[in-house]
Amino acid sequence: MEAPTAMGHAQQGNASVTIVVNGRAIAARANMSVAAALMSAEIPCRRSVRGEPRAPLCGMGICFECAATVDGEPLRRTCQIRCRDGMEVVTE
Amino acid sequence: MTTPLRVVVVGAGPAGIAAAAIAAENGCQIRLLDENHAPGGQIWRGYDAGTASSSPHGREFAKWIRRLEASGAAWEADSCVLDSPAPGVLRVERAGRWDDLSWDRLVIATGARERFLPFSGWTLPGVIGAGGLQAMVKGGLPIAGKRVVVAGSGPLLLAVAAALRREGAKIEGIFEQAPRGRLAIVGASLAALPGKLAEGARYRWQTRGVPYKPGWWVKRALGEDRLQGVVVSDGNDHRETPCEYLACGFHLVPNLELAQLLGCRIDAGYVTVNAVQETSVNSVYCVGEPTGIGGLDKALVEGQIAGFAVAGHLGKAAEFLPLRQKLRRFAQLLDNAFAPRAELRALAASDTIVCRCEDVTHGELAECASGRAARLHTRCGMGPCQGRICGPATQFLFGWTVASARPPLYPARLATLAGQVLNGESKPAGITRTPQKPRQTA
């Protein structure tokens with residue numbers, strides 16, 4: 001594990017980035033959470049056990065309704081992850 | 001000079017920041033962990049120390065964050081506590097890697113979450129927590145021009161409505177399930193807390209023109225694949241309101257999982273602490289919402305008490321006691337005022353999903369004799385959120401309580417779970433796998 005990080009988070013600003021959601025390019029900003037980018041594009045974050053579309057509920061990393069596969073890693077809480085240019089998100 | 005005490009603080013909201021800053025100022029070696037990218041917790045989410053001075057909350061945040069920086073406390077972002085693999089050790093996952101942190105004193109400052117109660121349509125995209133929508137907007141979700149119904153219960157509703165309106169949302173109404181009489185009791189008690197009174201008045205001014213309806217609640221959310229409107233009711237009248245978002249949460253419930261994992265005594269839903277915030281487990285302290293939902297002021301006071309206490313300055317800690325007593329009474333008052341009314345139990349129909357992770361319906365749960373039976377037979381509470389959302393709901397609906405937490409506290413990588421306890425920077429000897437106290441069982 002890395003040494004403790006400096007105070008606060010890296011100031012990425014609001015630069016335009018493109019994330020790839022289910023193969024489709026979505027415009028976002030670097031200071032947006034992935035969940036916010038998905039919600040803004042009206043893309044559900046996941047399908048439930050019964051196949052219902054689901055979107056964020058708690059917004060703070062508790063509920064896992066925003067969980068999606070991010071850069072190949074499943075079950076990431078997208079409300080806790082910032083958009084990065086080229087990031088690949090799979091919600092289905 | 002002796003080796004400084006190693007103090008780990010879990011949660012970098014107001015309570016954790018205050019505890020970390022004070023303890024570091026008084027000679028402790030601090031590691032302040034938080035799951036988020038930035039310090040501040042929920043109430044200070046999205047604030048920046050350089051630009052946040054335009055509001056009272058922003059100024060308070062800036063003051064504390066500067067104090068934390070000056071104290072030398074190490075702040076660690078994106079750090080998720082998953083387990084306590086040995087006494088005095090926490091297992092932490094960060095960026096897909098894990099490590100074990102040893103502590104001499106632990107401060108639990110894990111905050112609170114919204115209570116969610118199921119009603120027809122509540123799983124539709126567009127139905128979101130009240131604080132949840134505010135967090136998403138702080139995370140970059142555009143809200144300008146969107147129609148939002150705010151509903152549920154608690155002081156948060158008015159604060160959220162004010163914040164969303166500032167961002168350009170069109171607030172269609174604020175529906176507070178608590179009856180007017182209960183709110184009057186809260187109002188009367190605010191005379192003793194002028195800061196809170198001023199804050200409430202400010203939010204109401206910022207939401208002027210928006211209907212605020214005590215004694216009204218959401219009956220159902222309407223839509224097929226996403227929210228299109230809500231039906232609200234006072235038990236007699238019904239009104240349908242079209243909207244893009246329903247921001248709905250029923251006051252707050254504490255995040256108790258880490259305290260439960262460590263075996264801390266819980267009483268009436270909150271972590272039991274003594275005069276200096278120490279729990280029933282030696283050297284484990286707890287501050288802020290897990291000891292009672294009291295908001296920012298209580299969190300800061302308890303954080304400061306714990307900060308002085310872990311550093312051994314019990315006299316300084318005791319100076320805060322009268323204020324803590326007042327704020328705790330206020331927390332109890334809020335719990336009573338914003339407790340969900342009995343009518344809300346009837347909102348979920350037989351086919352309404354209660355456990356969103358596993359899609360378990362109210363009808364399936366109604367056939368179970370206990371929470372344990374429900375877990376075994378329906379997988380209710382066994383999904384990735386581990387019952388954090390459906391637990392408070394089934395407690396309200398069926399009286400089932402969650403008495404324990406099991407590791408890992410969040411879904412974790414296999415390597416994290418399987419790793420041997422790391423001893424490198426830990427206590428020189430004596431670390432075993434025997435828990436300090438027997439864990440509570442369900």
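Q: Which strand order does the open sheet in chain B have?
A: The order is β9-β16-β10-β11-β12 (chain B), 5 strands with parallel pairing. Strands here are DSSP E runs of at least two residues, and helices are H or I runs of at least four, numbered from the N terminus. Two strands pair if DSSP finds at least two bridges between them.

Q: What kind of model is this?
A: This is a predicted model; local features need pLDDT of at least 70, side-chain atom pairs count only at pLDDT 80 or more, and totals for chains, interfaces and linings use all residues. Residues are numbered from 1 along each chain as its sequence is written, while chains are lettered from A and ligands numbered from 1 in the order written.

Q: How many bridges join β9(B) and β16 of chain B?
A: They pair over 2 bridges, in the parallel sense. B:Ile128 stands opposite B:Ala247 in β16(B).

Q: Which strands does helix α4 of chain B lie across?
A: α4 (residues 156-166) lies across β10, β11 (170-176) and β16 of chain B. It runs at about 180 degrees to β11(B). Angles go from 0 to 180 degrees between N-to-C directions, with axes fitted to C-alpha atoms, for helices over the stretch in contact.

Q: Is α4(B) mostly covered or open?
A: Mostly covered: 10 of its 11 residues are buried. Buried takes 20 or more other C-beta atoms within 10 Å of a residue's own, exposed 12 or fewer, and partly exposed is in between; C-beta atoms are placed from the backbone.

Q: What covers those buried residues of α4(B)?
A: The cover includes α3, β10, β11, α6 (194-206) and β16 of chain B.

Q: New topic. How many residues does each chain bring to the contact?
A: Chain B gives 43 residues and chain A gives 38 residues. Contact means C-beta atoms, placed from the backbone, within 7 Å. On the chain B side, the largest share, 5 residues, comes from α3(B).

Q: What about phi of B:Ala95?
A: Phi is near 50 degrees, a positive value in a residue other than glycine. B:Ala95 counts as exposed, with 10 C-beta neighbours inside 10 Å.

Technical notes: Contact = placed C-beta atoms within 7 Å.
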